[in-house]
Amino acid sequence: MLRITELKLPLDHTDEALRHAIVQRLAIADAELLSFSIFKRSYDARKKNSELLFIYAVDVEVAHETALLERFANDHNLVVAPDMTYRFVGHAPAPMGQRPLVVGFGPCGIFAALLLAQMGLRPIVLERGKEVRQRTKDTWGLWRKAELNPESNVQFGEGGAGTFSDGKLYSQIRDPQHHGRKVLEEFVKAGAPEEILYVNKPHIGTFRLTGMVENMRQQIIALGGEVRFESKVTDLLIENDRIRGVQLGNGEQLMANQVVLALGHSARDTFRMLHARGVYMEAKPFSVGFRIEHPQSVIDKARLGKYAGHPKLGAADYKLVYHASNGRSVYSFCMCPGGTVVAATSEPGRVVTNGMSQYSRNERNANSGLVVGISPEQDYPGGPLAGIELQEQLETTAYLLGGSSYHAPGQLVGDFMAGRASTHLGSVEPSYKPGVALIDLAASLPAFAIEAIREALPAFDRQIKGYSMHDAVLTGLETRTSSPLRITRNEHFQSLNLKGLFPAGEGAGYAGGILSAGVDGIRVAEAVARDLLGV
């Protein structure tokens, strides 16, 4: 198998044109091209008024491969395609008495459990929330009726926080073992569109994720695994610095020598329990800020120029970074084209926002986190749990500023820049439900964050015309950009001071997003298998 890169075709090319371009590129007869598949497809829209081209990398099977490689020996855009086949580290020869536990059933927990099940290790999954269909109903209860279920919401339940997101499946992690490919392939098997295997920035969307999560759960069960919902872990069973099992909220104890902690970044009560039990953890940086909403048409025009609205391109996204004069970094986070801002709290009396899109990305507004980086050394130097305490303080303030009704505090960008409270909306209708209470957001974040965001907005407007438009809406607060702590682990993926405990995913501080969380779940499952199987 060979890989051709930098193969360029017009935006509106036909399906047949790609095969023809491969044949021309290799200077072979059509019959010599035995098969081909798209490995990657992207486009470069930086020159908005020039012709926009799709850029392909394709894997091809040809007759006379060796001769062709010799003929193109000096061409760096034609190479042998790397073998990206996933290989398991081992497999249980027969059902084993020991069964690993997986705590949490978000992207990391799903892939940890799936891989363990595929290796014959019959994991037991413990998820504090509900199955995804019932969880969706509970989540809509907050959005439509301002009724919060603290154990079943955007953060807790089958699928994790990623279920109510844009479903982005790209990451900047280093992945030399191609675990990311395994994640994407399993998603396709579970019902995701095949294009996620090759488009430059793949995404799925909430509605599709729901069915996929159910399918993956059924696969785990079919392979001998077990998934228990409404099963909250409230304590660890420890003997001689080794984990021996967990205790559930109903008093039940489950024994296990290998426990994967895939908690997600919002399991604050569990973090506190772990800290009280002496599990080593440390504070880490995260970010705080707002969600910003613009008309999607403004972003499309700024990013795609004359190609704005083209059906093959869909809604445009962006990624922005600015270094403010006060030393703070401001950046866009979890940008959701054609999406909505959603209520994402998991605790009574607090307001948190996040962004969500469907696969179609066809809502009127674009939204993104607009956040400022903070660090334990500078902003919350009180120990491993100090970041959680800061989040809680900010989220409580947001709840009060919004009127103590799960409405979110909001402000027009023009008013925010001028330092005055907003009194009425303009052309941008905020999408957050239950609703937005217009105020002066200066009281919602530390002064350094407000100062940095005010400085960044005009700079971002120079990159995306209309970004600091008066009627754009800021909605507060975005506080759960990542875990505020790290449950530190060693080279065997185990806790530094508790053997058999495998901290994993975003909550443990080792991932950020669906793809990287899934990859970390695979890596941890491999470590558990090595520990169990002795390989």
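Strands are DSSP runs of E spanning at least two residues, helices are runs of H or I spanning at least four residues, and both are numbered from the N terminus. The structure is a predicted model, in which local features need pLDDT of at least 70, side-chain atom pairs count only at pLDDT 80 or more, and totals for chains, interfaces and linings use all residues. Residues are numbered from 1 along each chain as its sequence is written, and side-chain values use heavy atoms, with hydrogens and water left out.

Isoleucine 124 lies in strand β6 (residues 124-126). Its relative accessibility is 9%, so isoleucine 124 counts as buried (under 20% relative accessible area; exposed is over 50%, partly exposed in between; 1.4 Å probe, protein chains only). Contacts (heavy atoms within 4.5 Å) were computed leaving aside neighbours within four places in sequence. Isoleucine 124 is in contact with Arg99, Pro100, Leu101, Val102, Glu226 and Arg228. Leucine 33 is 91 residues from isoleucine 124 along the chain, and their C-alpha atoms are separated by 47 Å.

Phenylalanine 502 is part of strand β23 (residues 501-503). This residue is buried, with a relative accessible area of 0%. Beyond neighbours within four places in sequence, the contacts of phenylalanine 502 include Gln258, Val259, Val260 and Leu261. Also among them are His492, Phe493, Gln494, Val524, Ala527, Val528 and Asp531. Serine 483 is 19 residues from phenylalanine 502 in sequence, with a C-alpha to C-alpha distance of 16 Å.

An unreviewed UniProt entry annotates residues 285-481 as "domain: FAD-dependent protein C-terminal". UniProt positions follow the numbering used here, feature names are shortened, and annotations may be inferred rather than shown by experiment. Over residues 285-481, the chain is 26% helix and 27% strand. The end C-alpha atoms of residues 285-481 are 10 Å apart.
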